[in-house]
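Q: I would like to learn how to read features off a structure. Can we work through one together?

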Amino acid sequence: MKTLRISLLAAVLSFLYLPVLVLILYSFNASRFAAGWEGFSFRWYEAMFRSPENLRALANTGIVSVISTLCATVLGTLLALGLYRYRFRGKEWVETLLYLPVIVPEMVTAVSMLAFFVAIQATLGKTTIILAHIAFQISFVTLTVRARLQHFPANLIEAARDLGAGTQALGREVLWPLLRPGIISGALLAFSLSVDDFLITYFTAGVGDSTLPVRMYALIRRGVTPEVNALSALMLMVSFLTLFISLRTVRTANESPR
Amino acid sequence: MRLSSNRLLTLGLPMAYLGVFFAIPLAIVLIYSVLTPGDYGGIVWAWSWEGYAGLLSADLAVILLRSLRVAGLATLICMVIGFPAAWFISQLPLRAQTVWMFLLSIPAWMNLLVKNYAWIVLLRREGLVNQVLGVLGVETPPEWLYHEGAVLLGLVHTYLPFMILPLYSALERLDLRLLEAARDLGANGFQVWLRVVLPQCAAGLWAGFLLVCIPAFGAFLTPDLLGGANSTMIGTLIQQQFLMGRNWPLGSAMSVSVMLLVWLALVVFRKAAGKSGEPSLI
Amino acid sequence: MALLRIESVTRRFGALLAVDGVSESVGAGEYFCMLGPSGCGKSTLLRMIGGFELPDSGRIWLDGRDITYLSPRRREVNLVFQNYALFPHLTVLENVEFGLKMKGVAAAERRRRAGEGLELVNMSSFASRMPPQLSGGQQQRVALARAIVNRPSLLLLDEPLAALDKHLREQMQRELKRLQTDTGIAFIHVTHDQEEALSLADRIGIMQGGRFLQVGSGTDLYEHPVNSFVASFLGDSNLFDAQVSAPNRLSLGGQELAFAGPGLTPGSTHRFLIRPERVVLAAPGRGLQACVRQVRYLGARLEYELELDGLRWLASAPPGPGTCQPGDLVSVSVAPEYLVPVSA
């Protein structure tokens with residue numbers, strides 16, 4: 001039983017990791033034809049950063065993800081607070097709307113965004129990408145922040161008001177210190193969703209507004225090259241970094257509630 | 001109402017955003033699905049059931065059935081691998097559980113494109129797998145990529161963590177004394193599983209089902225990159241209607257049907273989860 | 001002059017009339033308990049005094065000032081929440097300092113007063129702990145200190161002891177009473193526990209259906225309840241309907257019993273209350289006869305269940321020689337002043 005258990009878990013783990021590890025390994029291969037191993041090299045990373053298209057895609061990814069994450073974090077946090085604080089008629093509908101972006105297949109979201117922007121005659125570009133990203137990020141931020149809010153005793157806001165806190169003091173002294181870990185992990189989740197997103201960006205991007213995933217998709221369709229391996233490794237790096245910060249935030253929050 | 005400005009800020013602003021940039025776009029797709037396709041893409045404002053009529057064509061039925069089959073199979077495989085994996089982890093000492101769940105949640109954060117591309121690197125004709133096979137003396141290895149099997153592999157690889165995570169959180173909460181109680185009352189091993197373990201983690205199973213089946217059903221990248229001409233799925237078809245075939249009403253009608261199927265799955269989920277405690281989607 | 005004056009305050013939630021035109025006042029330094037079953041409107045009334053709900057109509061005055069629509073943070077009223085609502089990210093001391101900080105009290109002064117507050121509730125040694133590390137009773141004390149250091153003229157307590165076990169509850173009751181006497185702050189305490197109300201309050205208001213049925217001292221309410229709801233809500237009671245034979249006499253079991261107070265119309269039927277401890281048992285003889293059905297030993301007293309002219313009565317007496325057994329016949333007597341007419 002014990003051997004069975006360990007071998008199954010080991011198999012699952014290798015299945016999940018090995019292909020990606022091989023990919024990363026190949027990004028350091030000196031050979032142009034990714035088949036044989038011809039020694040360790042950073043040349044494909046250099047090549048990756050020499051291509052103006054790649055650099056533009058990187059810059060676009062940065063602009064889109066940072067702006068959309070900031071906006072979605074603010075909006076999502078506000079919504080979480082509002083849902084925690086107020087009871088009102090039709091709250092179930094708001095909850096449904098909140099889960100829509102989580103549950104609607106991405107393809108449907110993507111085409112509906114395209115249809116919407118065409119209908120309002122917006123020019124597709126970075127702005128439309130950002131607007132679309134915010135729309136699907138908000139829910140994830142709200143759900144993350146709300147998960148943290150639910151750990152608190154009810155009435156904390158009322159208690160603060162009772163003790164004389166105005167709106168600013170309430171935010172500064174109570175909500176921000178309590179919610180900071182939740183807001184940060186929500187923001188990081190939103191960030192990674194934006195950075196990794198392909199479909200919605202693909203449908204709402206104008207010509208020349210490729211982000212990294214869209215650029216990668218175009219390159220992959222052309223064939224396997226060491227440059228794409230390097231791009232992949234870069235994408236993974238960003239994901240790991242985000243995950244790492246997120247886990248650290250949660251851990252410090254759990255260790256000391258301060 | 002006092003504090004109405006706060007209420008407007010905390011509820012009104014984000015809700016307005018979600019309404020305008022999420023609900024209205026979905027509504028537009030719903031409307032487009034009953035309009036007439038334009039000659040060069042876009043739509044003409046005239047009622048028409050052409051979009052939905054197009055759904056009934058034989059080609060489309062094949063693709064729809066394939067999407068259901070592939071998504072269903074992917075979910076089933078994820079469950080078959082994921083359930084014992086989650087069960088084994090939940091039986092480990094607490095520290096080991098944390099480590100294993102950490103290791104299993106990292107792949108959930110990996111980029112979908114990268115995960116799919118990794119299989120291309122491994123499995124293409126001159127890829128690593130075939131090289132190894134060549135060294136071992138296999139001269140004509142099978143074609144690994146560009147068919148339904150490859151799509152299935154890619155989907156399972158992508159979504160397996162999303163099956164294990166909710167299953168684990170359900171199994172972790174399982175009260176082991178219940179198993180002992182069931183044994184004490186004369187249940188055999190199989191009965192304990194069927195009558196005690198499964199019902200207790202029904203919510204986890206359903207959450208896993210939704211987290212795997214819905215995205216797999218609407219998948220675009222995996223069939224596009226790993227599949228071939230004969231393994232097109234509904235996601236690709238929708239994309240083609242909007243970006244290539246330029247039949248927006250047909251694409252919208254497909255999107256609406258996909259939404260209907262998802263909605264159906266959710267209703268069933270609600271019923272099932274309602275019976276066995278909190279749904280845990282995130 | 002009353003410290004708090006409530007004038008025909010009404011609050012509805014949809015179709016539910018939670019508070020129905022309540023008027024009442026509470027004096028400075030008074031300990032007032034609002035007692036009633038859950039859903040009677042007592043918490044809503046308390047929250048309106050605290051400023052967390054707004055009345056649909058009516059006025060609330062504190063110290064001669066209309067506070068009906070004043071925001072909670074501007075009222076000289078503090079609320080102790082049922083679940084304590086301590087800030088989990090602040091230490092015990094910082095929690096207690098919070099209100100003073102909001103008022104802009106200088107740090108040194110703040111620290112001193114918060115320290116005093118903690119001393120008052122015997123929590124000084126826990127000043128640097130975090131709330132989640134405290135037990136329920138300790139959290140309760142911190143919540144009290146946090147409210148009291150603001151020196152409100154009125155302290156509201158929403159079921160403050162409901163989450164504690166019986167032993168701790170009794171101990172906290174004594175402390176609450178001491179704290180109230182020491183600080184001289186008026187307390188309004190909401191509870192559904194009649195013993196808690198009786199042991200703490202100067203005055204009790206019994207609420208049902210969004211109204212006060214009766215307001216008065218514990219003795220008043222216990223000895224002279226206005227109706228059978230109040231009678232049965234406070235303590236054990238024997239309630240029965242009997243015919244009034246003369247202005248101050250009723251007939252029961254073929255006997256005539258005298259009752260005190262203003263007379264009733266002879267010939268009418270009326271409801272009467274007699275408390276179990278006022279029912280006196282003696283060896284069978286003259287007067288009202290009853291049969292003992294059950295005897296329960298409760299330590300400090302014995303409780304008898306009697307059958308009397310088709311009625312079931314409870315009687316209680318200290319244990320001792322001459323204890324009756326089930327099946328015994330006894331004669332029952334009641335002093336006129338303890339036979340109280342109540343409205344149905």
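Q: Let us start with the open sheet in chain C. What is the order of its strands?
A: A note before the answer: this is a predicted model. The order is β6-β7-β8-β3-β9-β10 in chain C, six strands with mixed pairing.

Q: Which strands stand at the edges of the sheet?
A: Look for strands with a single partner. Here they are β6 (77–80) and β10 (211–216) of chain C. One side of each is therefore left without a neighbour in the sheet.

Q: By how many degrees are neighbouring strands turned against each other?
A: The average for this sheet is 20 degrees, direction ignored.

Q: Do β3 and β9 of chain C run parallel or antiparallel?
A: Parallel. Strand β3 (residues 31–35) and strand β9 (residues 203–208) of chain C are joined by 4 bridges. For one bridge pair, take Cys33(C): its partner in β9(C) is Ile204(C).

Q: Which strands does α4(C) lie across?
A: β6 and β7 (154–158) of chain C. Against β6(C), the helix runs at about 175 degrees.

Q: Which residues of α3(C) are buried?
A: Arg110(C), Ala114(C), Gly117(C) and Leu118(C). Viewed down the axis of α3(C), the buried residues fall within an arc of 95 degrees, so they line one face of the helix. They pack against α2 (92–102) and α4 (136–148) of chain C.

Q: What does the face turned away from the buried side of α3(C) carry?
A: Exposed residues: Ala108(C), Glu109(C) and Glu119(C).

Q: Where do Gln121(A) and Glu159(C) lie?
A: Both are in loops. Gln121(A) is between α5 (106–119) and α6 (126–149) of chain A. Glu159(C) is between β7 and α5 (166–183) of chain C.

Q: Is Gln121(A) buried or exposed, and is Glu159(C) buried or exposed?
A: Count C-beta atoms within 10 Å: 20 or more others means buried, 12 or fewer means exposed. Gln121(A) has 6 others, so Gln121(A) is exposed. Glu159(C) has 20 others, so Glu159(C) is buried.

Q: How many residues make the contact between chain A and chain B?
A: Chain B gives 67 residues and chain A gives 62 residues. On the side of chain B that touches chain A, the largest share is 19 residues, from helix α1 (residues 4–32) of chain B. By class, that side of chain B has 53 nonpolar, 10 polar and 4 charged residues.

Q: How many residues of chain A are in contact with chain C?
A: 19 residues of chain A, with 20 residues of chain C. On the side of chain A that touches chain C, the largest share is 5 residues, from α7(A). That side of chain A divides into 12 nonpolar, 3 polar and 4 charged residues.

Q: What share of chain B counts as buried?
A: 43% of its 282 residues. Chain B has 13 helices and 2 strands.

Methods: Residues numbered from 1 in each chain as written. Chains lettered and ligands numbered in written order. Predicted model: local features only at pLDDT ≥ 70, side-chain atom pairs only at ≥ 80, totals over all residues. Contact = placed C-beta atoms within 7 Å. Nonpolar A, V, L, I, M, F, W, Y, C, P; charged D, E, K, R; others polar. Arc of directions from axis to C-beta. Pairing = 2+ DSSP bridges. Axes fitted to C-alpha atoms, helices over the stretch in contact; angles between N-to-C directions.
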